[in-house]
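Hi,

Here is the structure I said I would pass on. Have a look at it first, and then read my notes below.

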Amino acid sequence: KVVPFFQRYETPLVVSISGNTADEFAALCAEVSVAGVDAIEVNISCPNIEEDGKAFAIRPSSTFEIMQRLRAASPLPLWAKLTPNTGEVPDVARAAEEGGADALVVSNTVLSMAIDIHTRQPRLGNPMGGLSGPALKPIALRMAYQCARAANIPVIGCGGISTAEDVIEYLIAGATAVQVGTATFIHPTAMLTILHDLEAWLAAQGIASVSELIGSVIDGEQDIQTSAIAVAQ
């Protein structure tokens with residue numbers, strides 16, 4: 001019922017799915033691989049009940065395995081949504097690519113918690129939940145940078161983006177596109193404002209296309225290389 005509703009629009013339709021088990025994930029991936037869907041965002045950072053609640057994307061091995069299953073289940077482009085709750089970001093990024101991902105969405109929310117000091121009970125019923133919004137941005141931005149360097153597929157920045165400046169940071173870090181989530185709940189027209197401000201900034205800087213920004217970060221490694229070239233000359 002949902003896909004036909006969105007087919008009336010010219011914008012490419014990307015369906016986001018998640019599953020608790022590999023079988024459930026693969027079945028859902030196959031089910032949404034229908035005419036009108038242009039790509040599938042596979043949220044492999046959701047809990048996996050076959051692994052005691054651990055997210056598929058926590059480890060390179062489970063990331064590779066689930067992506068292989070999903071790749072076999074659908075001919076459509078697959079965007080692997082990664083988790084910040086891992087210490088193996090570059091390895092997970094490479095595993096997702098090797099398993100069949102066509103792009104990486106970086107990233108999902110950070111596992112967090114809050115406690116009511118009066119009742120001493122968790123404020124969330126789970127009692128843990130995902131932290132999104134501006135607080136997530138420095139973490140997700142770092143991940144986008146790492147993934148862009150580790151993998152050879154596009155990185156889609158996701159996390160804490162609410163201004164044109166946020167978009168620019170992600171592009172410079174290596175993302176080729178971005179997603180805006182929490183900001184749209186606060187300001188429904190956030191996307192229009194971001195696009196307007198981004199165009200204005202590019203014009204003021206004399207930059208013809210955002211593609212000129214992608215991966216243009218000047219980090220320590222580049223500084224060292226530049227210094228070495230200068231010394232050699």
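What follows is a short tour of a few spots I looked at.

Before anything else, keep in mind that this is a predicted model.

**Helix 2**

Let's start with helix 2, which covers residues 22-31. Which of its residues are buried? They are A22, F25, A26 and C29. If you look down the axis of helix 2, those buried residues fall within an arc of 95 degrees, so they line one face of the helix. The spacing makes sense if you remember that an α-helix has 3.6 residues a turn, so residues three or four places apart point the same way. And what do the buried residues of helix 2 pack against? Their partners are strand 1 (14-17), strand 2 (39-42), helix 3 (60-73) and strand 5 (78-81).

Next, go to strand 11, residues 155-158. V155 and G157 point one way from the strand, while I156 and C158 point the other way. Are these residues buried or exposed? All of them are buried.

Strand 11 pairs with strand 6 (residues 103-106) in the parallel sense, over 3 bridges. Within that pairing, L104 has V155 of strand 11 as its bridge partner. Strand 11 also pairs with strand 12 (residues 177-179), again in the parallel sense and over 3 bridges. There, the bridge partner of G157 is V178 in strand 12. To get from strand 11 to strand 12, the chain goes through helix 6 (residues 164-173), and this β-α-β crossover is right-handed.

**Helix 6 against helix 8**

Helix 6 passes helix 8 in a right-handed crossing. To see the contact in your viewer, show the side chains of A164, V167 and I168 in helix 6, which meet I194, D197, L198 and W201 in helix 8.

**E88**

Last, a single residue. Where is E88? You'll find E88 in the loop between strand 5 and helix 4 (89-99). E88 counts as partly exposed because its relative accessibility is 33%, and the cut-offs for that class are 20% and 50%. Apart from neighbours within four places in sequence, E88 is in contact with I58, R59 and P60. I58 lies 30 residues away from E88 along the chain, yet their C-alpha atoms are separated by 7.6 Å.

Cheers

Note on methods. Residues are numbered from 1 along each chain as its sequence is written. This is a predicted model: local features need pLDDT of at least 70, side-chain atom pairs count only at pLDDT 80 or more; totals for chains, interfaces and linings use all residues. Side-chain values use heavy atoms; hydrogens and water are left out. Buried means under 20% relative accessible area, exposed over 50%, partly exposed in between (1.4 Å probe, protein chains only). Helices (H or I, at least four residues) and strands (E, at least two) are DSSP runs, numbered from the N terminus. The arc is that of the directions from the helix axis to the C-beta atoms. Contact means heavy atoms within 4.5 Å. Two strands pair if DSSP finds at least two bridges between them. A crossover is right-handed if, with the strands pointing away from the viewer, the path from the first strand over the helix to the second runs clockwise. A crossing is left-handed if the near helix is turned anticlockwise from the far one by less than a right angle, and right-handed if clockwise.
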